[in-house]
Amino acid sequence: MLKLFRLLPLLLVAAVLTACDQDQVYEKNVDFDGYTWSVRQKPAFTFDIADTTQLYDVYFNVRNASAYGYYNLYLKHTLTDPAGKPVSQLLHQMLLMDPQTGEPRGSGTGDIYDHQFLALPSQKFHQTGTYKIVLEQYMRQNQLPGLMAVGVRVAQARPAQGK
């Protein structure tokens, strides 16, 4: 019985760590070697859509060090459907730091900050299957130091409040 009481806190921690977001369909991040995003690196993310009646929110994750030299990040996405046909292509500007004060945005401790940007709100996928999204840095600099990782999160869109 005493052993059970010793294991109980470990079991509770394991349960909390394995709990997941019910709305999440996909999430993956890619780390950059040397904390530098090269213009040649175009991380690709593939995810499956099984329910075409739902709307989905697509987020971009960004992790940067405080040594990142700009307040923003221009990023281009290309989303293709299961047949490889383009669904959307768009240039996004993401503010990593306040342009006026230079204070970091996002969450973080020390000199590392995590951001999650809603890039494609209420996205409709018209067919089931595997979609692919490719991200490209568009900062007019071949090597972009201070960027540690980027990623994609896809979740079922939540209904708007008050409707």
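This is a predicted model: local features need pLDDT of at least 70, side-chain atom pairs count only at pLDDT 80 or more; totals for chains, interfaces and linings use all residues.

**Exercise 1.** Work out which strands lie at the edges of the open sheet of 4 strands.

*Solution.* Start with the strand order, which is 3-9-5-6, with antiparallel pairing. Next, look for strands that pair on one side only: these are strand 3 (44–49) and strand 6 (86–95), so they are the edge strands. While you're there, check the twist: it averages 20 degrees from one strand to the next.

**Exercise 2.** Find out how strand 3 is joined to strand 9.

*Solution.* Strand 9 covers residues 129–137 and runs antiparallel to strand 3. Count the bridges between them and you get 6. For one spot to look at, go to Ala44, which stands opposite Val134 in strand 9.

**Exercise 3.** Sort two ring pairs, Tyr26 with Phe47 and Phe125 with Tyr131, by their geometry.

*Solution.* The whole structure holds 7 aromatic pairs. Take Tyr26 and Phe47: their centres are 5.8 Å apart with 35 degrees between the planes, which makes the pair tilted. This pair links distant parts of the chain, with Tyr26 in strand 1 (residues 24–31) and Phe47 in strand 3, 21 residues apart. Both Tyr26 and Phe47 are buried.

Now Phe125 and Tyr131: the ring centres are 4.6 Å apart and the planes sit at 65 degrees. Planes over 60 degrees apart count as edge-to-face, so that's what this pair is. Phe125 has 1% relative accessibility, so it counts as buried, and Tyr131, at 2%, is buried too.

Tyr26, Phe47, Tyr56, Phe125 and Tyr131 form one aromatic cluster.

Terms used
Residues are numbered from 1 along each chain as its sequence is written. Side-chain values use heavy atoms; hydrogens and water are left out. Two strands pair if DSSP finds at least two bridges between them. Helices (H or I, at least four residues) and strands (E, at least two) are DSSP runs, numbered from the N terminus. Axes are lines fitted to C-alpha atoms, for helices over the stretch in contact, and angles run from 0 to 180 degrees between N-to-C directions. Rings of Phe, Tyr and Trp (its six-membered ring) pair if their centres lie within 6.5 Å; planes under 30 degrees apart count as stacked, over 60 as edge-to-face and the rest as tilted. Buried means under 20% relative accessible area, exposed over 50%, partly exposed in between (1.4 Å probe, protein chains only).
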